[in-house]
Amino acid sequence: MTHSRRSVLRRGAGLAVAGAAASLAGCAGDGGGGSEGFDSGYAAFFTLNDWANAVAGENASFEDPVDVGQLGHGWTPDGTLAADVAATDAFVYLDSPEFSWAQDLAATLESDYDTVATVDVLAGLEGDLLEWNHAHGEESHDGETHDGEDHDDETHDGGSHDGENHDDGTRYDPHVWTDPVLAGEMVDTIATGLGEADPDNAEAYAANADSYVEELGAIDDAFRSIAEDAARDVAVLAGHNSFQYLEARYGFRLHSPVGVSPQNEPTQSEIADTIDLVDSEGIDVVLYDRFQSPRLAESIVDNSGATEAVPVSPAGGTTREWNDAGYGYLEQMTEVNVPAFERAFDAQ
């Protein structure tokens with residue numbers, strides 16, 4: 001089932017959130033933007049906000065409630081956010097437990113307030129999600145498959161996102177957006193959702209999404225080139241690994257002493273093993289997450305033959321520096337991640 005045939009829009013009737021009932025009563029009379037035309041919304045974090053505004057173009061504007069310098073997962077909104085979102089026309093989010101605040105807000109909007117469209121960008125991608133402790137070495141990665149399944153417009157019925165990810169309680173890595181191919185599907189899902197909420201501008205949303213997906217295609221090409229030209233088959237990321245979707249897509253191998261889960265802490269043995277890997281592989285560049293401390297990367301550099309710690313971005317947030325430079329998701333990927341991966345895998 002393709003996204004063009006899948007409804008990603010869910011509606012309810014009236015909004016009441018514990019602790020915000022009085023505020024919502026005031027905005028409910030206004031009916032949000034729906035009574036006067038579709039023109040505003042919220043998106044759950046930086047990346048979705050960037051995509052939603054790109055798809056909306058001149059027809060609507062979206063806001064990101066998450067402060068600059070913070071990431072949307074593990075974040076806690078203030079008490080007015082529900083009322084603020086209820087006064088707009090749409091909420092774009094990931095239905096993932098790592099964004100439980102957004103799940104809760106979307107559920108309330110769907111059940112109690114019928115003028116706010118909710119768009120779950122993970123709709124249709126259930127079969128593409130990777131577990132937190134996904135073992136890449138057990139799979140074949142040829143650049144065309146991901147989790148053993150082709151990335152085309154086929155139906156993925158791997159389960160529903162109802163706050164538990166899948167019925168078996170398995171936890172999945174939410175960083176789907178780091179894969180530019182899956183990012184394109186998510187952008188298309190936003191266009192479908194906005195088009196259902198605002199049919200008069202559905203063609204414009206679809207056209208804007210198509211243009212954006214073309215730019216994502218250039219990022220896909222860049223990472224494929226890195227995989228083809230890489231002089232080494234492993235790089236070191238000194239921090240929790242937000243890039244296993246890139247690993248699965250392009251066959252990269254990122255060694256992290258921390259692992260995938262942000263709750264993990266590296267042991268001295270794991271750090272020592274990482275230093276040994278750096279030296280045995282002749283690795284010059286150690287990567288680190290720009291939204292985490294560089295101390296571990298710097299320590300590995302200081303105690304190995306590596307010469308530099310280089311930042312990468314999980315592309316789930318932004319910094320003041322990047323804001324000032326006008327960086328969106330595309331720029332973070334092309335100006336930060338692509339050059340860093342080229343250096344880390346010696347693909348220059």
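V55 is found in helix α2, which covers residues 46-56; helices here are DSSP runs of H or I with at least four residues, strands are runs of E with at least two, and both are numbered from the N terminus. The model is a predicted one, in which local features need pLDDT of at least 70 and side-chain atom pairs count only at pLDDT 80 or more, while totals for chains, interfaces and linings use all residues. Residues are numbered from 1 along each chain as its sequence is written, and side-chain values use heavy atoms, with hydrogens and water left out.

With a relative accessible area of 0%, V55 is buried (under 20%; exposed is over 50% and partly exposed lies in between, with a 1.4 Å probe and protein chains only). Beyond its neighbours within four places in sequence, V55 is in contact with V187, I190, A191, L194, A204, Y205, N208 and A209, where contact means heavy atoms within 4.5 Å.

Elsewhere, 4 strands form an open sheet with parallel pairing, in the order β9-β8-β10-β11, two strands being paired if DSSP finds at least two bridges between them. Its edge strands, each pairing on one side only, are β9 (254-255) and β11 (308-312). Helix α9 (residues 295-302) packs on this sheet, touching β10 and β11, and its direction makes about 170° with that of β10; such angles run from 0 to 180 degrees between N-to-C directions, with axes fitted as lines to C-alpha atoms, for helices over the stretch in contact. Helix α11 (residues 329-344) lies across β8, β9, β10 and β11, running at about 145° to β11.
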